Amino acid sequence: MSAPARNDLSSWLTNSLLPGWIARAYDPARPGFVEYLQPDGTPELGELRTTLVTARLTYVFSHAHLLGVSGALAAARHGFAFLTGALRQPDGRFVHSCTADGEVVDGRSDFYDLAFVLFACGWFAKASGDQSALALAGEAMDFLERELAHPAGGFSEDTLGTQPRRQNPHMHLLEACHALAAVSPDPRWLATADMLVRLMRERMLDGNGTLGEFFTQDWAAFPGPRGLIREPGHHFEWTWLLYHHERLTGSAEARTTARGLHAFGQRQVDAPANASRLVVNEVDPAGDVLNGAALLWPQTEYLKALVARIEFEGAADAAARLERHVELIFRHFVDRESGLWVNQIDERGRPIADRVPVRVLYHLVLALAEICRVREGV
C-alpha cells in the first residue's frame with residue numbers, strides 16, 4: 001500500500017485515520033477503551049482496561065480535537081472519565097489495570113503508567129480547557145515524588161520494587177512535563193524536565209554517548225545481555241524530546257546530546273547490512289544487531305527525529321529521508337485504507353503477529369501530526 005501523497009497526509013490523518021479510530025475505540029455505552037483489535041479491525045471485547053491504554057487514547061483524542069476532528073473531544077472526555085473514575089483509587093493512586101466495571105485487576109502503581117497519566121492530563125487540559133486536569137496532574141506528580149522517588153536519582157519502576165530500572169519511563173515523564181509546561185504556569189514541570197535531562201546525561205549514557213535501557217538500582221548497566229541493549233527507536237525519541245527541551249529551556253546541552261543520539265541511530269538505519277532501511281529493534285553499543293526485527297513504533301520515532309532535525313537544524317538530508325521513511329511505513333506496516341497496522345515484522349519482512357495493539361496509535365498519531373505541523377503548518 002502506498003503512502004498518501006505528500007500534500008494529502010494531513011487530510012488522511014484528520015479525515016480517515018482519526019475518525020476511523022474514534023469509531024472503533026470509542027463507544028459511549030462501553031466503559032474505557034479496548035486493548036486490541038483483530039486484523040479486520042473488530043475490537044476484542046475483553047473486560048481488561050489498563051491505565052496505559054486509557055491515558056494514551058485520551059491523549060490521542062485530545063490531540064484529534066485540536067486538529068479539528070469531529071467527535072474527538074467526546075471520546076477524550078470518555079477516556080478521561082474512566083481514567084479518573086475507575087483507574088484512580090480513593091487514595092489518589094492509579095492502578096495498573098481494572099475491569100470495565102472498575103474492579104481492580106492489578107493494583108500496583110506503575111511509573112510508566114503514571115508518565116502517561118500526566119501526559120494525558122496536559123493534552124486533555126489543552127483540548128478541553130478543564131483546569132481540574134492540571135490539578136490532577138499535580139496530585140499524580142506528588143504521588144510519584146512521595147512514593148516512587150529513588151535515592152540514586154529518578155524513580156522506581158513501581159510500588160512493588162520491580163527490577164531492572166529502565167530509562168524508558170523517565171523519557172516519557174520528560175514528554176509529559178513538556179506537555180504540562182505548555183498549558184500550566186507551574187514551574188515544577190520544567191524543573192522536573194531539567195532534572196530528567198540531567199539524569200539521562202549523567203546516568204543513562206555510556207562513555208560513547210549511547211543510551212542504555214536497563215540498569216541496577218544505582219544506575220550501573222544491568223548485568224548480562226540486557227545491559228548491552230541499545231534501542232535505536234529510543235535514541236530517536238530522545239532526539240525529538242531534547243530538541244524541544246532546548247526550545248522550552250534554552251539548554252545548549254540538550255541540543256548537543258540530541259545530535260549525538262541521532263547520529264548513533266542514523267548509523268543503524270544506514271548500516272550496509274540493513275537493506276530494508278527500517279529501524280531495527282535492538283543493537284549493542286557497537287551497533288551490532290541483537291534483534292533485527294522491526295516494530296512500528298521505532299519507525300514513528302525516527303520520523304519525529306527527522307522532523308526535529310528539519311525544524312531546529314535545517315538539516316539538508318532530513319527532508320528526503322523523511323519522505324522515504326513515510327513510504328516505508330505505509331509499505332511495510334500501515335494500511336492506508338483501514339488505518340490499521342502490522343505491529344512488527346521479522347528480518348524478512350513477514351508479520352510476526354496479527355493483533356493490532358491499540359496503544360501504538362499514540363506513536364503513529366503524534367509522528368504524523370508532527371510532520372503536518374512542521375511541513376504543512378497544520
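Tyr59, Tyr112, Phe116, Phe119, Trp123 and Tyr362 make up one aromatic cluster in this predicted model. Rings of Phe, Tyr and Trp (its six-membered ring) pair if their centres lie within 6.5 Å; planes under 30 degrees apart are stacked, over 60 edge-to-face, and the rest tilted. The count by this rule is 16 aromatic pairs. Tyrosine 59 and tryptophan 123 form one that is edge-to-face, with 5.2 Å centre to centre and 75° between the planes. Tyrosine 59 lies in helix H2 (residues 51–66) and tryptophan 123 in helix H4 (residues 111–128), so the pair ties together parts 64 residues apart in sequence. Tyrosine 59 is buried, at 0% relative accessibility. Tryptophan 123 is also buried, at 14%. Buried means under 20% relative accessible area, exposed over 50%, partly exposed in between (1.4 Å probe, protein chains only).

The protein chain comprises twelve helices and eleven strands. These are DSSP runs, numbered from the N terminus: helices (H or I) have at least four residues, strands (E) at least two. The radius of gyration is 20 Å, close to the 21 Å from the globule rule for 378 residues, so the chain is as compact as a globular protein of that length. The radius is taken over C-alpha atoms; the rule is 2.2 Å times the number of residues to the power 0.38. Of the 378 residues, 58% count as buried.

Residues are numbered from 1 along each chain as its sequence is written. Local features need pLDDT of at least 70, side-chain atom pairs count only at pLDDT 80 or more, totals for chains, interfaces and linings use all residues, and side-chain values use heavy atoms, without hydrogens and water.
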